[in-house]
Amino acid sequence: MDDEQESSLKTVSGKQHLNNPNLYFNRELSWIQFNRHVLDEAKDHSHPLLERVKFLSIFANNLDEFFMIRVSGLHQQLLEGVVKASPDGLSPGEQLDAIYHTLVPLLEEAVRTWNDDIIPALKEEGIIIHTYETLSEEQKYYIRNYFIKEIFPVLTPLAFDKSHPFPFISNLALNLAVILRDRGHPEELFARIKVPNKLFPRLIPVQPTGEGSNGRGRYEFIFLEEVIAENLDLLFPGMDVRAAYPFRVTRDADIEIEEDEADDLLVAVQESIGRRWVGKPVRIEVSSWMDQSVCSMMAEKMAGFPHMFYRMSGPVGMADLICLMDVNRPDLKDPPFIPSVPKKIENEKNLFEVIKARDFILFHPYESFQPVIQLVQQAAHDPDVLAIKMTLYRSGAKSPVIQALLDARENGKAVSVVVELKARFDEENNIGWAKALEHAGVHVVYGIMGLKVHAKLCLIVRREREGIVRYVHMSSGNYNATTARIYTDIGLFTADPEIASDVSNLFNALTGYSNYMAYNHLMVSPKYIRRGVLSLIEREIQRQKEHQDGHIILKLNALQDAEMIQALYRASQAGVRVDLQIRGICCLRPGIPGVSEHITVSTIVGRFLEHSRIYYFHNGGDEIVLMGSADLMPRNLNRRIEVLFPILDSGIRKEIISTILPVHLKDNVKRRILTSDGSYIRAPFEGDILNAQEWLIAHRGIWNEHLSEGSGPVQKNIDI
């Protein structure tokens, strides 16, 4: 924080002007801080080596999406002449400038991690990443033959000159810019080759050379683009190949759908997906040794904004490094673990009886996602089940949940599914499933005009001896068996009549016409989550003024909404203790005297992606816990159908308050603490070492053991 900012903050704290830009971190720069933490995990030697490669790949993949969506949006604002500043006071142009100057050193750090740390460590383990110069003559011969037989037939060199227009470069495609000279002519020529890294592995296996020094086998690779570059004489016979430079273009991939003008939303989304790969360029990654004249030519043909070129002294498109996870070296990966299943349902064939007896939660990935699948499958085949209703946001390519819904329809159940077609980068999957469900006779609804349906809900209607009973599953995570193994999400099973009534009324609003708003327990956005959370914050402020016992804990993915941030500032000013654990974007600035000195902000980035949302309010000892799908961002509060649901069962509430929340807030291994200048520091080591995710793996399911035994906690709880 510079002296001018510090002076401004002192003035702000005195006048309590909570809309002052100096009280807010920039959204985009805050996200980059999150991705910096992902890179930190790639550098962390406590992770198995191939897991570090995975984190480096995730870091790069995150940046790809950041440019396709967030940076492209800033470019669009510049094109439209938008001058309105973000809450932190930066204009679109200033944000683009700050993004570039923040990312350049971060990318250099990522490349150093790969070149100077990971590659040598891989070599020690018998996993060798070759350059062409390090290949033996035998290996060069093998690669040459492989190129001729496999790669050469699919390559199409494209010339660029007066008779050949500059070729279109598709989004995220890896390319070689080739500089040639016709023998006897001084003029340089340019050609582009698209590297077929979707058809071939990015890292081509080199002919094996025997057993590694560790006795576990030897793996040798060379980058696909280098194989092509070293065999260009076959593509350009009779020409002098002067240079070959890898490069990649990132384009605007943020689909805009004019829903009010679309006769058929399904068709509109299908048509828009194809445009994702031809949007305006927003970033050009080039090799660090690319000649400036080539960059200038590309800039003339593709670029329209400053700071679009990023020079890489390592692999262009590092997201592809994830392919190394295919190497059969389990000793270099995280040890697998089997998610637990609560004892009370482990061998239970009738989940309806269990749910009707008592609410329970599943905390993924520590607890298995299988009971969720089992519930839908059981409903599909149970003759007493009349109807199933679900929301689907990201269901995955091979979904057992959707197969169960298809089975349910085949068995004569009334099945209604709200499929969110606009789930970014999952549109094609969702379109495919929507068509399959419709073909089977399922009632498929494509969301609500102008809103995304982000809530995660399942409602099962069953005829029983005493009448109709409705069973509900609600979660922070998608109905996706794959992500349930790598995202931390909490789902609730309940047959509470009032909650079931709320969910039923919400589905009626999603599938029909309804302005229903008198929910018994649910908070539903748009409108009501904002109103409800603000009300709970104000209640804590009043409690603090009257009894000095205000306490708020929020565990979220993101905190961006200015109105919510200002409410939390007011709570801090009143003396309310506010503990925030925000995985990613946090625009709130903690630790400012007179404004936010009672607010702490931390984050955890580790083996699993922290994805659960938990809202805690002390409420004078009558504690309130809410969970669900919503973060505190304008899009969640204003432009999405989101749900926060209360934990009504006192036993579950106790386990969340006394076990799940504290273990995250006390982590002193992976937790980082946000400072008032925007930097993060590692949590101090106090007492025993505590890695929250590892602790939860080791103690998975104790919250449900407590509920099933009904005899108090199985293990001593951690104090908040």
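Okay, let's start with a hairpin: strand 15 and strand 16 are joined by one, through 2 residues.

Before going on, a quick caution. This is a predicted model, so local features need a pLDDT of at least 70 and side-chain atom pairs count only at pLDDT 80 or more, while totals for chains, interfaces and linings use all residues. Residues are numbered from 1 along each chain as its sequence is written, and side-chain values use heavy atoms, with hydrogens and water left out.

Now the overall picture. The protein chain has 21 helices and 27 strands. Of its 720 residues, 57% are buried. Buried means under 20% relative accessible area, exposed means over 50%, and partly exposed is in between, using a 1.4 Å probe and protein chains only. Then contacts, meaning heavy atoms within 4.5 Å: among those with a separation of 6 or more in the protein chain, 73% are between residues 24 or more positions apart.

Back to strand 15, residues 456–464. Here 8 of the 9 residues are buried, so the strand is largely enclosed by the rest of the structure. Which strands does it pair with? Strand 16 (residues 467–475) is antiparallel to strand 15, with 9 bridges, and strand 11 (residues 385–392) also runs antiparallel to strand 15, with 5 bridges. Pairing here needs at least two bridges found by DSSP between the two strands. If you want to find these in the viewer, look for lysine 456, whose bridge partner in strand 16 is serine 475. On the other pairing, isoleucine 388 sits opposite isoleucine 460 of strand 15.

Next, an open sheet of 3 strands, in the order 1-6-5, with mixed pairing. Strand 1 (127–130) and strand 5 (203–205) are at the edges with a single partner strand each, so one side of each has no neighbour in the sheet. From one strand to the next, the twist averages 35°. Angles like this run from 0 to 180 degrees between N-to-C directions, and the axes are lines fitted to C-alpha atoms, for helices over the stretch in contact.

What makes the pairing mixed? Strand 1 and strand 6 (residues 219–223) are parallel, over 4 bridges, whereas strand 5 and strand 6 run antiparallel, with 3 bridges. As for strand 6 itself, 4 of its 5 residues are buried.

Side chains of opposite charge can pair when their charged atoms come close. The rule for a salt bridge is a side-chain nitrogen of Lys or Arg within 4 Å of a carboxyl oxygen of Asp or Glu. That rule gives 36 salt bridges.

Take lysine 54 and glutamate 51, with their closest N and O atoms 2.8 Å apart. Both lie in helix 3 (residues 49–79), 3 residues apart, about one turn of the helix. Are they buried or exposed? Lysine 54 is buried at 17% relative accessible area, and glutamate 51 is buried too, at 5%.

Arginine 530 and aspartate 561 also meet in a salt bridge, 2.8 Å from N to O. That pair links distant parts of the chain, 31 residues apart: arginine 530 is in helix 16 (residues 528–547) and aspartate 561 is in the loop between strand 19 (551–556) and helix 17 (562–574). Both residues are buried.

Last stop, lysine 413, in the loop between helix 13 (400–410) and strand 12 (414–419). Lysine 413 is buried but has no salt bridge, and the nearest side chain of opposite charge, aspartate 382, is 5.7 Å away. Lys and Arg count as positive here, Asp and Glu as negative, with His and the chain ends not counted. So what does its side chain reach? The backbone oxygen of valine 385, at 3.1 Å. Leaving out residues up to four places away in sequence, lysine 413 touches several others, including Ala379, Pro383 and Leu386.

Technical notes:
Polar contact = N/O pair within 3.5 Å; in protein donor to acceptor, adjacent residues only side chain to side chain.
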